[in-house]
Every structure is written in C-alpha cells, then in structure tokens.
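Dear colleague,

I am passing on the structure we spoke about, and below it you will find notes on what came out of the analysis. Please read them with the model open beside you.

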Amino acid sequence: MENYYNFKEIESKWQKIWEKDEIFKVEEDISKKKCYLLEMFPYPSGRIHMGHVRNYTIGDVLARFKRMQGYNVLHPMGWDAFGLPAENAAIKNRVHPAQWTMDNIDYMRKQLKLLGISYDWDREIATCNPGYYKWNQWIFLKMFERGLAYRKKGFVNWCDSCQTVLANEQVEGGLCWRCESVVMQKEMEGWFLKITYYAEELLSGCEKLVSGWDERVLTMQKNWIGKSYGAEVDFPVDGLDKVIRIFTTRQDTLFGATFMSMAPEHLLVDELTKGTGQEGAVKSFITEISREDKRIRCAEETEKKGVFTGRYAINPMNGEKIPIYLANFVLIEYGTGAIMSVPAHDQRDFEFAKKYKIPIRVVISPTYPSFPPYKGGDNMGGGPQTMKEAYTGEGYLVNSGQFNGLNSIEALDRIGNYLKENGIGKKTVNYRLRDWGISRQRYWGTPIPIIYCKGCGIIPVPYEDLPVILPTDINFPQDGKSPLVNNDRFMKIKCPKCKGDAQREVDTMDTFICSSWYFLRYTSPRFNDYPVKMESVNYWMPVDQYIGGIEHAVLHLLYARFFTKFLRDIGLVDIDEPFTNLLTQGMVVKNGAKMSKSKGNVVDPDNIIDKYGADTARLFILFTSPPEKDLDWSDQGVEGAFRFLNRVWRLIHQVSTLNQVQGKFQVSSSEDEKSEIRRITHVTVKRVTEDIEKRFHFNTAISAIMEFVNALYQFKDSGVLSTSPHSEGGEKGEVFRDAIHTLIILLSPLVPCIAEEMWEMMGNRGGIMKEPWPSYDPEFIKAEEITIVIQINGKVRSRLTLNADINDDGIKEAVLSNDKVKEWVGDKEIKKLVIVPKKLVSIVI
C-alpha cells in the first residue's frame, strides 16, 4: 500500500465497482422512508461546465447522506434534449440535430460518471426520444379536450434570428434569451395553454411553499401572476359602434380620466384609425414600439411615448369626450390592453399628459374638501397646472358628481356597484399572468398532435396514433427555417374523421413542455400505458429536494407547478405541488464575472479532474462557498483541497499500516485522552450532520472535518499511537479506531471515491455506502459545550454552540464569522460588541 494518493486509479476502480454492483439502483419499498432528490436536468450542449459540477455535486452529497441515514433515495438524471442550440449547431457544423444531441449526451454522461455522481442510470431519459415526447402529445390532447389548449391569433414575441416565437418569460431585456437578438412583436396564429385557469391556485399555493422555497423565487412568481382588484368599464367610441373595455384598479378616479391609452397591439387599432388621417403616424409608431422590450416599455424610468389615433371615447361617468392614444407603457397582456388615463393621480399618465399637452383634472383631495364643489386649487398647491407630480395617495373625491366627499377607499366599492347597476362595467379581479404560447416555428421539438382538414377543421390526432414522430431522415436547411414546412411525407395525411386530404401542424412545442413534467416520468420511465405509473408516482412524489438556478424561477418552476395541477385534475397524480423544498444555488464566477466562453474565463472540469481528481473538484466546490452564494473560482483553492485530501490519506495510510502489522491498534493513552477523542468525535458528527441536513452549509461541515483531522493528527503525534508491542490496546484502541472510521464515513458523501478506498484500507468489506450514518450522544457533548445567544440591536438573531473552555477572543471570532451575523451586519459599522461570559453576545450596529 503506497503512501501516495493515486486518485486516477482509485476513482476509476470505485466508479466501475458502483456501476457493476448497481448500488444506486432503486425501487419502491414501502418499508422505507423515501427521499426523492433531484437536480434540474441539463441541456446536452456538449460539455458540462463548473455550474453543472456545483449543482450535481450538491445533490449528490445530499443523496448519499440520506441513503446512509436509511432513506430509500431516488436520484435520477436525464437530458432536456430538444431546443434551438441543436439546430444552430446543425447549421454551423452541417450535422443533424439528432446526431449532435446524442453525441453530446454520450460525452456528458461520461463526464458525470467521472464525477462519481450517484445516479440511478436505469432511469435515464432524453426528451427527444419518441418514448418520452409521446406523452407531451398525450398531455396536450388531454388539455385540448378540456379547453385548456386552444389556437388563436394575436401578437407574439418574434425572434427573427431564431425564426420562432418566444414566451414572455423568454424575452430578457428586449432580447431573445437564447441568441440575444432583438425581439419584436408579430401577429401570428399559434397554440396556447390556458395556464390562467390555474392563476389563483398558483398564487395561493405559494403560501404552502414558504417553509421550503427561496423567498425570492416565490416573490417573483407572485409578481408574475400579478393579482389585482379593480373594475372593468366600457367606454363607447365616438362616431363608431364600438366599445373599448378598460381595466382599472382606481375606479375612484373615473371622473378624472382626460384621455384613454391603448396598447399598440390592440385589435381595434385599425378600425379606430381608419379614415382619420392618422393612419401613417399610427403605423410608424406601432413599428417603432414593436422592437422594444415590454418590460422596458412599462418601466418607470422609460420615456412615455404615444400617438393620437384620431378618435375619441366617451367617459360613461360624465359623458365627456376624451382623446384615444396609443401609448408605449400599455401592454396588451395586462387587463384588456386599454386603460383610462388620469394624469392628476397616476405618474405615467401625468408625464404623458404634460408631454402631449392633455388637460389634467384633480378628483382626489388629500384633505376633506369644502363645498360648493372643489375646484382643484388649494390642496394641490395652486391647481393642476402647477402640479409637479401626480397625487397617488388616498383622500376624498372632488369633481366627481354624486360621489363628491366620499373617502377614496369607500368610493372603490360605491362606484363599482354603480357601474354594475347602470350596465357600464363591474368589479373584477385581474391577473398579469397570460396564457402560455407554445407554438415554435422550429424543427427540433415535439410535434403538435393536430391535423387540419378543410372539411372537418381542427382535428386532434387519435391517441392510438401517438406518437407523431418527428422525422429524422431529412436534409436540414441552412436558413434556419423548419424543414417540416416543405416535408410532404410529414405534412400530408388523411383526416382521421372524414378520410379526406389533410395536413399536420408543422409548429413544434416550446421545449419547456418537456421540463414541465420530467420529474414525474423519472418515477416510472419505462411505463408504456400512461405518462406515469400511479403506484410509483404516488410513492415517490413530491420531490423532497429540488436543486437548480434561480434563473428558472418564473419559467420552468411555474410551468412545472401548472402541469402538476393539471395532471392531478385528470387523476394521474395526487399531489398539489411538485417540489417540497427548493435550493437555488449561486453561480460560479472567475475574475469577478460569471464563467462564459465570451469572457474567456471558463474552467474545464475535465482538466481539473485529470490534474487533481473528481474528489478534489467536489471538495473545492463544496468548501469554497455556501450553495446559495456565488462561488468565486480559485486555482489556489483547488490545490488546497488536493493537499487536504492527501493529508487525510497519509493519516489513514499510517493507521491502516499499523493495524495490518499488529492486527489491532496499539494505543498509549490516558483515560482523559480517550475521553477527549470520544468527545471530539461526537462533536464533529453533530456539527457535520446539522450543517448538511439543516443548513446545506457543506463549507462549515468540511471545516469541522478539517478540525477533526487536525485533532487526530495531534493524538498521533503526541504518541497515542504506538508501534510498541507492549502498548495497551483494548477499549482505548477501539475509541481511536471508531474515530478513524467516523472520519471516513463523514467524508464519504463529500469525496466518495477516496472514502471508499480508505474504508477498504482499514480492513472493512462491503463498501462504505452500506454503512449507517453515525449518530452522536449528547451526553458526550453536553458538559463540554455552551450555547451563546447573539443579539443584534437588541433582537436575537442567532445562537452558537461552542466549546465550554473557549475564551472571549474565540467567542468574538466565532460570532463575527457566523453566516447569519454576516447577513445582518453586512457592510454596516459595528459600534459596540459586548460579551456576557458563556451566555450572550450583544452587537450594536
């Protein structure tokens, strides 16, 4: 046995053993507690990057930890295999998307196996496989049957570079999330999923997730759903037999509407402008706005722009004619796509009215007005013309007819009732959330299972004809357009209803369809009767711990919740939410920026594994930063992790050599030394267990292990280990051996290959993964520890368990390095720090 850590030999050996023995293969077992642990599956782009390594290493630590705690652990892996990059690569490299994708999957699978991740590879899925996307089509048809999948014409986000439609969530800063080209508005027909049917449940469900999800994610989802209370009001168009319905949350200000604003995409625009002489100006404005990002359009700091349509609406509350404008800050997705504009009491309207010299009328006074009717001067600093900004607060109605003098909050209900009684509107609830447009004008995706027949109309593909196979024996065009459009073998078909000539839908599904339910398919990936097997999905679901980036907060995570609720409603699953706990890990950065090829700061995992080994890569990733924080790459940190593993290796090598020579440990130690070894062992078990299980702070767990290693070296160097045949063994030797065994077990979820080898070096058989996770005895710790309460500005913010013999300097250092304390203190100056010995630390900031 060499006193040298040969990581290449060791990692290859144990990875082969795990694969041969199928130790990570799992089935349902009702006699065991289950744990479904899942990382978001990757797009097979060609190579894994350090962000992948971090994500999957975090998940693997938890999977191995839970398995050793006795849980029946499901830890699967698959591939989100459809998508634009495969088509772009096909154009660039003249290789078929299917071939490019499968080659990448093969390579990335090999990389993941080199990392020693404990996946059950028998459950592997690839979403481009017909056996998977058949069920995308099946689910679509079920939604179609229930009116939740429908076709309509409307304005969509169009990326000309990718030649496809994008969902609102896929437009970032006005640019395509994939290729970063400018996105414009384009009117097209397409298929939509009625996610709005579940809007209220998706919103209320966020409250059930508070204990397990990142608060930032829930806030983003709530804001995206965007529930608001208000009223719909019908404004007749002067000179046309048309009504414009608006949504407002401030019906108390209806009398103050001096113009109307509409989204440039509103369907009435052409009718409104026809014959007014404004057609040219309106068309130019629409073209200009179509190139702007919707989120930027409605941002507070964005300049307010508009154009007069040439038409007027009639305010139903006072009969006044008000001009109708198109405005950049009005979105077709919100409300009805039209709003009444009250410049005295809305800042955007105020800025618009000032720019286009539109009258401003005050209808809310901050103080109770005097009567006869209030004219708008005293309480607004001289009247509307001298206002510097809109007054948006509460107050009392003025210039509002029969509602004068009402408190503005009370007026919301009174005017809402008036609208209903007079047939001009009603109180309502509105959601910002829009239905999900899933049609994509690309090839590499799930075919939409719809047939168009001139006689029968829109016909769903019969279930028995699924899957509609995406043809792969085609020539892929270089212009980026879908080859399905000109592929008669795919397009032409007989109508299943009348047997006449018909054609298939040539759009494919948004690839987020695939990731909206893949976590369910893992529970029964080879089941052929339905998307999931009821007994399996009900045993494993929900996912107990989900891990992935916060960038998926609105896209994937919201869609996954939507699909879960629909599949529940058709009887396939019996859960409301798919993910009980969510961990959103930070990015991996180098030189202050996220790793990317364009910045030239990418670190190839293959190079790190080749030079230092997978266990070193894992240890560095886990030790450098808590998972929710960004990880700053450091070559020196990698070398430090490698040195530590070598240090542990040398300790185990020396101990195992003595054990082999003498048949047992020879120990020269006092009762005090024996007690101290036992105490440190139990303290370390407690710290590591809690850091992994409760906080996911693998960095502090590793710190505790490092301290443990230091202590074991001190015992060794002080002569506790002896080569003398006359040294005392027995119970004292068992204590030290237990400590060594505990050390290796604690390391095993973090650095599994070296741990397996060291376990075997110590004379153990059967593999370390079969060992139970160690427990600690509070009695060995109790007398030796104290709990320090930490107050910040008089409020308890944390507690620390420390050695009873720690001095004040040690307490201060431990408190200031505590993560919770760091979060509360931040960059603020600590004005005072008071230590009450063995009880309390009070910090004033």
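**Strand pairing and aromatic rings**

Strand 33 (residues 832-836) and strand 34 run antiparallel and are joined by 5 bridges, where strands are DSSP runs of E of at least two residues, numbered from the N terminus, and two of them pair if DSSP finds at least two bridges between them. Within this pairing Ile835 has Val841 of strand 34 as its bridge partner, and in the hairpin, which has 3 residues between the strands, Lys838 takes a positive phi near 65°. Strand 34 (residues 840-844) also runs parallel to strand 31 (residues 785-792), with 4 bridges between them, and there Ile792 stands opposite Ile843.

This is a predicted model, in which local features need pLDDT of at least 70 and side-chain atom pairs count only at pLDDT 80 or more, while totals for chains, interfaces and linings use all residues. Residues are numbered from 1 along each chain as its sequence is written, and side-chain values use heavy atoms, with hydrogens and water left out.

There are 45 aromatic pairs, counting rings of Phe, Tyr and Trp (its six-membered ring) whose centres lie within 6.5 Å, with planes under 30 degrees apart taken as stacked, over 60 as edge-to-face and the rest as tilted. The rings of Phe308 and Tyr312 are edge-to-face, because their planes stand at 65°, with the centres 5.5 Å apart. The charged end of Lys321 sits over the ring of Tyr312, 5.6 Å from its centre (NZ of Lys or CZ of Arg within 6 Å of the ring centre and within 35 degrees of the ring normal).
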